[in-house]
Amino acid sequence: MPFVTIAPPAVGLDLDLRYATPDNLTGSPIYARPLCLLHPDAAAALARAVALAAAQGLRLRVFDAYRPPAAQWRLWRAFPDPDFIADPRTGSNHSRGVAVDLTLAAADGTPLPMGGDFDAMGPLAAHGCTAVPVEAQRNRCLLLGLMASAGWQPYDREWWHYQLPGAAAYPLVEDGAMGPPLM
């Protein structure tokens, strides 16, 4: 099944694909080009989340979606902690095209405070962390509510990561199946 390309303005969200830049935990680009792809089921759930956010005068900003297994290996070599990076031997839900990393932004695209940056691996990244400012806790809860209402499940250790229920049932997808390489 072909993946869906997620691209503004048609989708009504912002892209900040960090793994196509050096602004990520490895310090260097992991993807050769900024392309946001999702399984059609995930794309439909993301569209629902975009609509829910828009109804509240907010936008979503996507950091990552489909991640080729080779990119998963690069992340694992940089940060081999299974609490934050899925072991590529078992596969990441990103490599199935059914996971997305994102945040909330104001209508003008300004990201809302979340109490820590994307990929800031550690205890402060957890959804239920009360050590971050109250405003960030509220924003995390708002994002959680929007995403859950749209059919996504959170990963408790990362406020930015959501996946479809039953994600492990989707097959891992090699980059070559997607057309021109992302790497």
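Tutor: What follows is a walk through some of the salt bridges, starting with one arginine. The model is a predicted one. A search of the whole structure finds eight salt bridges.

Begin with R18. The side chain of R18 meets that of D16 in a salt bridge, with 3.0 Å from N to O. R18 also has a salt bridge to D117, where the N to O distance is 3.4 Å. R18 is in the loop between β2 (14–15) and β3 (37–38), while D117 is in the loop between β5 (99–106) and α3 (134–149), so this pair ties together parts that lie 99 residues apart in sequence.

D117, at 40% relative accessibility, counts as partly exposed. These contacts belong to a network of salt bridges that links D16, R18, D23 and D117.

Another salt bridge to look at joins R67 and D101, whose closest N and O atoms are 3.6 Å apart. R67 lies in the loop between β4 (58–64) and α2 (69–78) and D101 lies in strand β5, so the pair ties together parts 34 residues apart in sequence. Both R67 and D101 are buried.

Technical notes
Residues numbered from 1 in each chain as written. Predicted model: local features only at pLDDT ≥ 70, side-chain atom pairs only at ≥ 80, totals over all residues. Heavy atoms only, no water. Salt bridge = Lys/Arg side-chain N within 4 Å of Asp/Glu carboxyl O. Helix = DSSP H or I, 4+ residues; strand = E, 2+ residues; numbered from the N terminus. Buried < 20%, exposed > 50% of the residue type's maximum accessible area, 1.4 Å probe, protein only.
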